Amino acid sequence: MRVLIVYYSMYGHVHRMAAAVAEGAKEVAASEVVLRRVPETLSEEILGKMGAVEAQKSMAHIPVCTIAELETADAVLFGTPTRFGNMCGQMRQFLDASGGLWQKGALVGKVGSVFTSSNTQHGGQESTILSFHITLLHQGFIVVGLPYTFQGQMRMDEITGGSPYGASTIAGADGSRMPSENELAAARFQGRHVADIAAKLSRTP
Ligand SMILES: Cc1cc2nc3c(=O)[nH]c(=O)nc-3n(C[C@H](O)[C@H](O)[C@H](O)COP(=O)(O)O)c2cc1C
């Protein structure tokens, strides 16, 4: 039972969340967890202007995902930063290259789930995840979120990401806030939950 975690991260927030998702997925017996980045679409020059070069270097050891790898997974957890309330262009471009899989129905019946990061608390985390689900539904994924059995999403004693739609982190206006313990716990929960469902489905004759 293979769980693929595929993400884009410019400054490392989604990357950190992806690692926590992987930790959670690994807790499910018999799950093989594969961590991948989607291809970059921006030039070195633009990444430099966006102050992302150092962060990109720190993630360079994560292999870049191919479209073919989507087909090999039983479950896919997608991670994307919020861009104007939507997924980032790098993820969009990656998904737009999956038309061949759509034609074959190759992703139908796989488990799909989304997590995200945004700078501001109400800057579009939910719209990013929910609009991402549209693509997953077109591809025939069984969409899974972050159920309220992860009670950390009800916390009122601190600012936190996380909603029934998926785990998330709030990076802060200047991007200096890294995922909190509660947000990482949400990511681990989602990883475990998705892997658990995929394991049950893969046992179904
Ligand atoms: C073009 C652009 C659009 C963005 N749009 C939003 C937005 O709509 N809401 C928000 O809160 N943050 C927005 N951000 C901030 C990113 O969500 C933030 O940089 C990201 O969550 C950090 O995650 P990462 O380090 O994994 O890239 C935007 C950033 C860029 C560069």
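1. The model is predicted, so local features need pLDDT of at least 70 and side-chain atom pairs count only at pLDDT 80 or more, while totals for chains, interfaces and linings use all residues. Residues are numbered from 1 along each chain as its sequence is written, and side-chain values use heavy atoms, with hydrogens and water left out.

2. A search of the whole structure gives 3 aromatic pairs. In one of them, Phe78 and Phe132 have ring centres 5.2 Å apart and planes at 45 degrees, so this pair is tilted. (Rings of Phe, Tyr and Trp, the last by its six-membered ring, pair if their centres lie within 6.5 Å; planes under 30 degrees apart are stacked, over 60 edge-to-face, and the rest tilted.) Phe78, Phe132 and Phe141 make up one aromatic cluster.

3. Which parts does the pair of Phe78 and Phe132 tie together? Phe78 belongs to strand E3 (residues 75–81) and Phe132 to helix H7 (residues 125–138), so the pair links parts that are 54 residues apart in sequence. Helices (H or I, at least four residues) and strands (E, at least two) are DSSP runs, numbered from the N terminus.

4. (Buried means under 20% relative accessible area, exposed over 50%, partly exposed in between, with a 1.4 Å probe and protein chains only.)

5. Strand E3 also holds Thr80, which is buried at 0% relative accessibility. A polar atom of the Thr80 side chain lies 3.0 Å from the backbone nitrogen of Cys88.

6. Around the ligand there are 17 residues, of which Ser9, Met10, His13, Thr82 and Ser117 come nearest. (A residue is near a molecule or strand if one of its heavy atoms lies within 4 Å of it.) Helix H1 (13–26) and strand E4 (111–118) each supply at least two residues of this shell.

7. An oxygen atom of the ligand is 2.7 Å from an N or O atom in the Ser117 side chain. Another listed distance is 2.8 Å, between a nitrogen atom of the ligand and a polar backbone atom of Phe84. A backbone N or O atom of Gly85 is 3.1 Å from an oxygen atom of the ligand. Taken alone the ligand exposes 640 Å², and the protein buries 83% of that. (Accessible areas come from the Shrake-Rupley method with a 1.4 Å probe; for residues, only the protein chains shown count as cover.)

Methods: Polar contact = N/O pair within 3.5 Å; in protein donor to acceptor, adjacent residues only side chain to side chain.
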